[in-house]
Amino acid sequence: MSLLDEQVSVPRRTMTLFFLIDTSGSMEGNKIGAVNDAVANVLPMLDEISAENPDAEIKVAALEFSSGVNWLYSEPKLASDFVWQDVKAGGLTSLGAACAELSTKLSRSGYMQSASGSFAPAIILLSDGGPTDDYESGLNKLKGNNWFKAAIKIAIAIGDDADKDVLKQFAGNSEAVFTVHNIDALKQIIRVVAVTSSQIGSKSSTAGDTTKQDQVVEEVKDAVENIQGAEAATAVDSSSYDDDWD
Amino acid sequence: MAELKKGDKVSLTSGGYVTIEKELGRGGQGIVYLVDLNGEKKALKWYLNAPDDKFYKNLEHNIMSGAPSAAFLWPEYLTRKEKGSYGYVMKLRPQNYFEFGNFLLAKKSFRSYSAMLAAAMKICNGFMMLHRCGYSYQDLNDGNFFIDPTTGDVLICDNDNVMPQGEKSGIMGKARYMAPEIVAGGVPDKYSDRFSLSVILFMLFYANHPFEGAKVVACPCMTETFEKKFYGTEAIFIYDPADKSNLPVRGIHQNVIRRWPAFPAKLRETFIQEFSQDKLKNPNTRMIESLWEKLIAGIRDTLVRCPHCGEETFIEESSKCMDCGKDIDSTHRLKIGTRSVILTKGTKVYIDNDNIPDAEVVAHPNDPSKLLLKNLSNSNWTAETPSGKIKVVEPNNMMPVNPGIKITFSNTHKGEFIQETNN
């Protein structure tokens, strides 16, 4: 009996969900308001997914970038411990700096130090414009990061002024870039992408499935059909992964 | 995407309709709703994206054939294709059953070893019956079971991928539960079911994953490529005697480290066999469900109540209680074929595999040093004494546990009391 009473939870790998949020001046008003509202509302859902999930523990990290970059917490947090502080818009779009900063934290000495290991993270980039800094050097650095290579990467383009080409470079292919045209669609897609990315590791796969990113993209595409003002890209291409982790 | 709302009516192929009351939960494939069917509450699984016609026909066929055993929350009615999709109706899960995942997360735990063994027995029996009907389950994982922590009773859900053995449902299974040959791209069948079954049983007993040890923990980032390696081509059992590179890690795999040495040797030996490299690579050599049942019955025969502290304990060569450490007299036995059931005061005896105790050992009211066996079943036992007298033991009556008495239980199983000498 005592052995049964002493049972502890199975060890779970951590899956960190990163939000990279453009807080440049152009996001001011409804857009930033919608982002704040959507993320605050999705946290309890992520908490529930994590609490019921014997495969993975879900943690959340958020990086805002405008003229500079800023992590909302200095480490990934359980959704239940993550108190969302509304981010404010103002300044430029330092996407390159954000990529470089993310790359630093995507390491065992950075944010990926869970004792029982991690799953590849999921990274959601939200932007409504184009980078104003030298994004290429930051992005190239990030693209060389093995955690990033294996990650589920989804970009959400807010409105038509978003530089979709840059977002495509970030997410690896144009299919992983979703465009939203109104505030309601923005809120819905944040929820769908965050929830889908968090659940994907505990689902049964079907024959012909390729990567987790492809599975997330497929599910989000299905969902987008029912969201007024959201659209998926039509072009088809598939990202390739390199698993050189030695 | 075709969600339903409260009050929606969905018609059934058998006639009539169900009315949506509320959402109970959602998963990858669809949503489960609480529905009303002619005043009776049922569950409707509704697919968000309607699977193809072959899937629909298979469901129809499975509904016609009926459940392989009472353990299955089997599809009972099929809906017509309408409102952009379709679904099937099944029984509701009772309140006292919890997802196996809750046991893994230590939110729920078995109240007794008897309950744990009952759950294992019920799961094995369910898959034995399923395979006997010619099906394979295809997607066996931790999400398919609801268990009552007190009794160990099990309900098996998500039966919509059940296909005739050899046919593809298109599902591959869930990472960490898929057989190595499926991870490598094979088609799920009853042999891969048996692999997943052994993983589930291991996790049920030891509350850790059989392939997750030092080697897997050392991998910082579990990518899809590593998943294929650690659960497929390079899977190594954590207690593989031939390869100690993947032993459980103190502080991380606490449950299995505590339980592995404490639980019966027969269980250890079986898992070492079933997760050996040889069996991983040769699916058709994996243990069949009836042998799992036999193993579990054999282990249950060694589970007794300690007469000193009253806790449950397994008795092996050493007859000391796992809990209080005191010696237990394990010499009184009931032989049933090759089985040797240990009889101590307070121990329940399971003659068959239905998880319902058939007898209980009680102390003689006038002489506590003597044991009696009480008939808990609904039918008479016939006993033959060493001198040849025939006695009938009716339900709720008792008989002395005396060496040499032969018993026929409910006209089926034959047993005999023996007393082993202390070694």
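Analyst: In this predicted model, 36 residues of chain A are in contact with 40 residues of chain B. On the chain A side, the elements that contribute two or more residues are helix H1 (2-5), strand E5 (118-119), helix H5 (146-150), strand E9 (204-206) and helix H8 (212-224) of chain A. Sorted by class, that side of chain A, the one touching chain B, is made up of 16 nonpolar, eleven polar and nine charged residues.

One of these elements also takes part in strand pairing across the two chains: E5(A) is joined by two bridges to strand E13 (residues 221-222) of chain B, and the two strands run parallel. Within that pairing, Phe119(A) has Met222(B) as its bridge partner in E13(B).

For Ile154(A), once neighbours within four places in sequence are left aside, the contacts are Ile124(A), Ala171(A), Ala176(A), Val193(A), Ser197(A), Val216(A) and Val220(A).

Turning to chain B, its domain assignment gives domain 1 (9-90), domain 2 (98-294) and domain 3 (303-419). The C-alpha centres of domain 2 of chain B and domain 3 of chain B are 33 Å apart, and the contact between these domains draws on 14 residues from domain 2 of chain B and eight residues from domain 3 of chain B. Helix H3 (residues 113-132) of chain B supplies seven residues to the side of domain 2 of chain B that touches domain 3 of chain B, the most of any element there, and the residues of that side comprise eight nonpolar, four polar and two charged.

As for chain B overall, its secondary structure amounts to eleven helices and 25 strands. Its radius of gyration is 24 Å, close to the 22 Å that the globule rule gives for 423 residues, so chain B is as compact as a globular protein of that length. Along the principal axes, the C-alpha atoms of chain B fill a box of roughly 75 × 55 × 35 Å. Of the 423 residues of chain B, 44% count as buried, and among the contacts in chain B with a separation of 6 or more, 57% are between residues 24 or more positions apart.

Definitions and conventions:
Residues are numbered from 1 along each chain as its sequence is written. Chains are lettered from A and ligands numbered from 1 in the order in which they are written. This is a predicted model: local features need pLDDT of at least 70, side-chain atom pairs count only at pLDDT 80 or more; totals for chains, interfaces and linings use all residues. Domain bounds come from an automatic or database domain assignment. Two residues are in contact if their C-beta atoms, placed from the backbone, lie within 7 Å. Helices (H or I, at least four residues) and strands (E, at least two) are DSSP runs, numbered from the N terminus. Ala, Val, Leu, Ile, Met, Phe, Trp, Tyr, Cys and Pro count as nonpolar, Asp, Glu, Lys and Arg as charged, and the others, Gly among them, as polar. Two strands pair if DSSP finds at least two bridges between them. The radius of gyration is taken over C-alpha atoms; the globule rule is 2.2 Å times the number of residues to the power 0.38. A residue is buried if 20 or more other C-beta atoms lie within 10 Å of its own, exposed if 12 or fewer, and partly exposed in between; C-beta atoms are placed from the backbone.
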